[in-house]
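Reader: Hello! Could you walk me through this model, one question at a time?

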Amino acid sequence: MPSRDQRVAQAFRAITSALGPGIHYIVVSAHLDGILGRVVAGTCGSRGTCAVRGWLIAAGWFHAMGATEILDAPRVMPHGCLAGGQPGLSFEDGSLIPRARAQPHD
């Protein structure tokens with residue numbers, strides 16, 4: 001069974017892989033009781049566009065949120081990047097993020 005650090009690294013790789021290329025701004029909100037949370041991420045591309053996507057965290061993994069659900073999610077990002085109402089800003093459905101498989105120990 002992977003350690004907590006290995007699971008966190010797997011989750012981080014999975015979410016950044018799902019986001020694809022660009023500069024990413026990621027906000028994580030969590031309730032430690034019951035390990036429930038939410039990830040809202042903005043990916044800013046080289047052409048001045050920024051896509052906001054989100055996932056709920058439940059049962060130990062990411063579950064895609066729809067674009068309309070993300071509109072209600074907290075979006076506090078550096079430099080006001082994803083404050084809303086900006087040209088080139090879009091809200092998109094989160095994508096399916098496959099659960100990381102446990103790696104055998106060496």
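**Rings, strands and cores**

Author: Gladly. Searching the whole structure, which is a predicted model, turns up one aromatic pair. Trp-61 and Phe-62 form that pair, with 5.1 Å from centre to centre and 65° between the planes.

Reader: Which class does the pair of Trp-61 and Phe-62 belong to: stacked, tilted or edge-to-face?

Author: A pair of aromatic rings is described by the distance of the centres and the angle of the planes. Here the planes of Trp-61 and Phe-62 stand at 65°. Because planes over 60 degrees apart count this way, the pair is edge-to-face.

Reader: Are Trp-61 and Phe-62 buried or exposed?

Author: The cut-off for buried is under 20% relative accessible area. Trp-61 has 9% relative accessibility, so Trp-61 falls below that cut-off. Phe-62 has a relative accessible area of 11%, and the word for Phe-62 is likewise buried.

Reader: Thanks! How do the elements of the protein chain run from the N terminus on?

Author: The protein chain holds two helices and five strands. Read from the N terminus, their order is α-β-β-β-β-α-β.

Reader: What share of the residues of the protein chain counts as buried?

Author: The protein chain exposes about 7,000 Å², and carbon and sulfur atoms supply 58% of that area. For contacts between residues at least 6 apart in sequence, 49% join residues at least 24 apart. Of the 106 residues, the buried share is 33%.

Reader: Which element gives the most residues to the largest nonpolar core?

Author: That core has eleven residues, including Ala-11, Leu-19, Val-39, Trp-55, Trp-61, Phe-62 and Ile-97. Two or more residues come from each of helix H1 (4-19), strand E2 (36-44), strand E3 (50-58) and strand E4 (61-64). With four residues, the element that gives the most is H1.

Reader: How many residues are in the other core?

Author: Another core lies apart from the largest one. Among its members are Val-40, Cys-50, Met-65 and Ile-70. The number of residues in this other core is eight.

Reader: Why is E3 described as largely enclosed by the rest of the structure?

Author: E3 has nine residues, and its burial is what decides the matter. E3 is largely enclosed because the number of its residues that are buried is seven.

Reader: In which sense does E3 pair with E5?

Author: With E2, E3 pairs in the antiparallel sense over eight bridges, and Cys-44 stands opposite Cys-50. E3 and E4 also run antiparallel, joined by four bridges, with Leu-56 opposite His-63. Between E3 and strand E5 (residues 89-91) there are three bridges, and Ala-51 has Ser-90 as its bridge partner. The sense of the pairing between E3 and E5 is parallel.

Reader: Which residue in the turn between E3 and E4 has a positive phi?

Author: In the hairpin of E2 and E3, with five residues between the strands, Gly-48 takes a positive phi near 80°. The hairpin of E3 and E4 has two residues between its strands. One of the residues in that turn has a positive phi of about 55° although it is not a glycine: Ala-59.

Reader: And is Ala-59 buried or exposed?

Author: Ala-59 lies in the loop between E3 and E4. Its relative accessibility is 68%, so Ala-59 is classed as exposed.

Reader: One last question: how far apart in space are Ile-26 and Gly-42, C-alpha to C-alpha?

Author: Ile-26 lies in strand E1, and at 33% relative accessibility Ile-26 counts as partly exposed. In sequence, Ile-26 and Gly-42 are 16 residues apart. In space, their C-alpha atoms are separated by 6.5 Å.

How values were computed:
Residues are numbered from 1 along each chain as its sequence is written. This is a predicted model: local features need pLDDT of at least 70, side-chain atom pairs count only at pLDDT 80 or more; totals for chains, interfaces and linings use all residues. Side-chain values use heavy atoms; hydrogens and water are left out. Rings of Phe, Tyr and Trp (its six-membered ring) pair if their centres lie within 6.5 Å; planes under 30 degrees apart count as stacked, over 60 as edge-to-face and the rest as tilted. Buried means under 20% relative accessible area, exposed over 50%, partly exposed in between (1.4 Å probe, protein chains only). Contact means heavy atoms within 4.5 Å. Accessible areas come from the Shrake-Rupley method with a 1.4 Å probe; for residues, only the protein chains shown count as cover. A nonpolar core is a set of buried Ala, Val, Leu, Ile, Met, Phe, Trp, Tyr and Cys residues joined through side-chain atoms within 4.5 Å. Two strands pair if DSSP finds at least two bridges between them.
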